[in-house]
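Work through these exercises with the structure open beside you. Try each task before you read its solution.

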Amino acid sequence: MGCICAFILIILASQLFWLAELIIVKKVAAGTVFKLLLYKLPDAVAQSIPVATLCGALLSLMRLGRDSELAALRTGGVRAFRILLPLLVLGFLASVSAFAFNENLVPWANHEFENIVRRIVLEESIPTAEENVFFRGTGDRFFYIRRVDASTKELRDVLVYEVRKDGPPRIISAKKGSAKGDVWTLSDGVVHDLDREGYVAYEAKFEEMNLRMDQKLESFFEGQKTPSEMSRKELKSYIDLFRSGGINVAPLVVDYHLKLAIPFAPFIFVLAGAPIATIAASPKASRFTGIVSGGIIAFLYYALSSILRSLGCSNVLPPFVAAWTGNIVFAFVGAFLLVYSENAPGGGRLWG
C-alpha cells in the first residue's frame with residue numbers, strides 16, 4: 001500500500017505545474033482545479049499498480065535475503081518456485097484488479113477530466129488538437145475524426161456512419177473538413193450506400209459536401225470520447241462500426257489490445273523481477289538494490305511497449321503483436337530466470 005501511495009503522489013506531482021498555471025495564469029476556479037485532480041486520481045492509481053506491485057515484491061525478497069531467511073528456506077529444501085509462488089499469485093490478482101479498475105472507473109474519470117479541460121479550452125480559446133475522437137450525433141449518426149482542432153475547427157480524416165430508417169446505412173468519409181456554426185463542410189471524400197447485407201451498393205466521390213448538424217461543434221465536445229475515455233468493449237464497438245468505412249483503424253486496434261495487455265503488467269513484472277531479486281539477495285544487499293532493479297525493469301518494459309505501439313500504429317506490426325510482444329518477451333525472460341534459479345550452481349543456491 002505504501003508503494004502504491006508513493007507512486008500515486010509521483011504521478012500526480014507531474015500534473016501540479018499545469019494545475020497551478022490554470023489557477024494563477026488562466027484564473028480557473030480552485031474548485032474546478034480540485035475536481036481535475038480528483039478525476040485524475042483513478043488514472044494515477046491504475047498507472048501505479050504495476051510498478052508498486054513490482055517494488056513491493058522486490059523489497060520483500062530483498063528483506064528476506066538480508067535476514068538470511070532465503071538461505072534458511074533453500075537449505076531446508078524449499079524450491080525457488082515455491083518461494084515465489086505467493087508473489088506470483090498476488091501479481092496475478094493485482095493484474096485482474098487492474099483490468100477491472102481500467103474497464104470501469106478509469107474511462108469514466110478520464111471522460112469527466114477531459115470534459116472539464118474541453119470547457120476550459122472553449123472558454124479561454126486555447127489552441128489545442130485531439131486525435132481519434134468518437135461521438136454520437138442526433139439522428140443515429142456516428143462520427144469518427146482522426147484529428148480535430150478545437151480552436152480552428154479544422155477536421156482531418158472524417159467518417160460519418162448514418163443509420164437510415166428508410167433504407168440501409170450510409171458511410172461518408174472525407175480527408176478533411178471544417179465546422180462553421182451548425183454546418184460542416186467536408187472535402188475530398190466518398191459516399192458509400194450499403195445494401196442490406198452490408199456490401200457497397202453505390203459509391204460516389206465528391207470534392208465538397210455540406211452537412212447540416214443539429215448542434216455546433218462545441219456542443220459535441222462533452223459527448224466525444226477518445227480511446228482513453230472508453231472501456232475495451234466500447235472501443236471494440238466503434239472499431240467494428242468504422243472499419244468498413246475505409247479508415248485505418250490500426251491505432252485503435254492496438255489500443256484495444258493494450259487495454260488488456262497493460263493491466264497484466266503487474267504479473268509480468270513479478271514474474272520477471274522476483275527471480276532477479278532472489279538471485280541478487282544476500283545479507284549484504286540493501287533496499288536500494290530492489291528499488292533500482294524495479295526501476296530498470298519498469299523502464300525497459302514501458303520503453304519497449306512504447307516502441308511496439310508506434311510500430312503497430314504505423315502498420316509495421318500487426319496490432320495484436322504490437323500490444324502483446326512486450327508481455328511475451330518479459331514473461332519469457334522471467335521464466336528463464338526462474339528455471340535458472342532452480343538449477344543455479346552450488347546446490348541450487350540462489351545467490352551464487
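This is a predicted model: local features need pLDDT of at least 70, side-chain atom pairs count only at pLDDT 80 or more; totals for chains, interfaces and linings use all residues.

## Exercise 1: Strand 5 and its partners

**Task.** Work out how many residues of strand 5 are buried, and which strands pair with strand 5.

**Solution.** 
- Step 1. Look at strand 4 (residues 170–180). It pairs with strand 5 in the antiparallel sense, over 10 bridges. Ala 179 stands opposite Trp 184 of strand 5.
- Step 2. Follow the chain between these two strands. They form a hairpin with two residues between them. In the turn, Gly 181 has a positive phi of about 65°.
- Step 3. Turn to strand 6 (residues 200–212). Strand 5 and strand 6 are also antiparallel, with 11 bridges. Here Leu 194 faces Val 200 of strand 6.

## Exercise 2: Salt bridges between elements

**Task.** State how many salt bridges the whole structure has. Then describe the ones made by Asp 193 and Asp 255.

**Solution.** 
- Step 1. A search of the whole structure finds four salt bridges.
- Step 2. Asp 193 forms one with Arg 170, the closest N and O atoms being 2.9 Å apart. This pair links distant parts of the chain: Asp 193 is in strand 5, Arg 170 is in strand 4, and 23 residues separate them.
- Step 3. Compare the exposure of the two. Asp 193 counts as buried at 15% relative accessibility. Arg 170 counts as partly exposed at 26%.
- Step 4. Asp 255 forms a salt bridge with Arg 309, and their closest N and O atoms are 3.0 Å apart. Asp 255 lies in helix 7 (residues 250–261) and Arg 309 in helix 9 (residues 287–313), so the pair ties together parts that are 54 residues apart in sequence.
- Step 5. Asp 255 is buried, at 13% relative accessible area. Arg 309 is partly exposed, at 31%.

## Exercise 3: Cysteines and a nonpolar patch

**Task.** Decide how many disulfides the structure holds. Then say which residues make the nonpolar surface patch of about 600 Å².

**Solution.** 
- Step 1. The whole structure holds zero disulfides.
- Step 2. Cys 55 is buried, with a relative accessible area of 6%. Cys 313 also counts as buried, at 18%.
- Step 3. The patch is made by Phe 81, Leu 85, Val 89, Leu 90, Phe 92, Leu 93 and Val 96.
- Step 4. Take Leu 85 as an example. It is placed in helix 4 (residues 80–124). Leu 85 is partly exposed, at 32% relative accessible area. A patch residue needs over 30%, so Leu 85 passes that cut-off.

Technical notes:
Residues are numbered from 1 along each chain as its sequence is written. Side-chain values use heavy atoms; hydrogens and water are left out. Buried means under 20% relative accessible area, exposed over 50%, partly exposed in between (1.4 Å probe, protein chains only). Helices (H or I, at least four residues) and strands (E, at least two) are DSSP runs, numbered from the N terminus. Two strands pair if DSSP finds at least two bridges between them. Patches are made of residues with over 30% relative accessible area and no salt bridge: like charges are joined within 9 Å, nonpolar side chains (Val, Leu, Ile, Met, Phe, Trp, Tyr) within 5 Å. Accessible areas come from the Shrake-Rupley method with a 1.4 Å probe; for residues, only the protein chains shown count as cover. A salt bridge is a side-chain nitrogen of Lys or Arg within 4 Å of a carboxyl oxygen of Asp or Glu. A disulfide is a pair of cysteine sulfur atoms within 2.5 Å.
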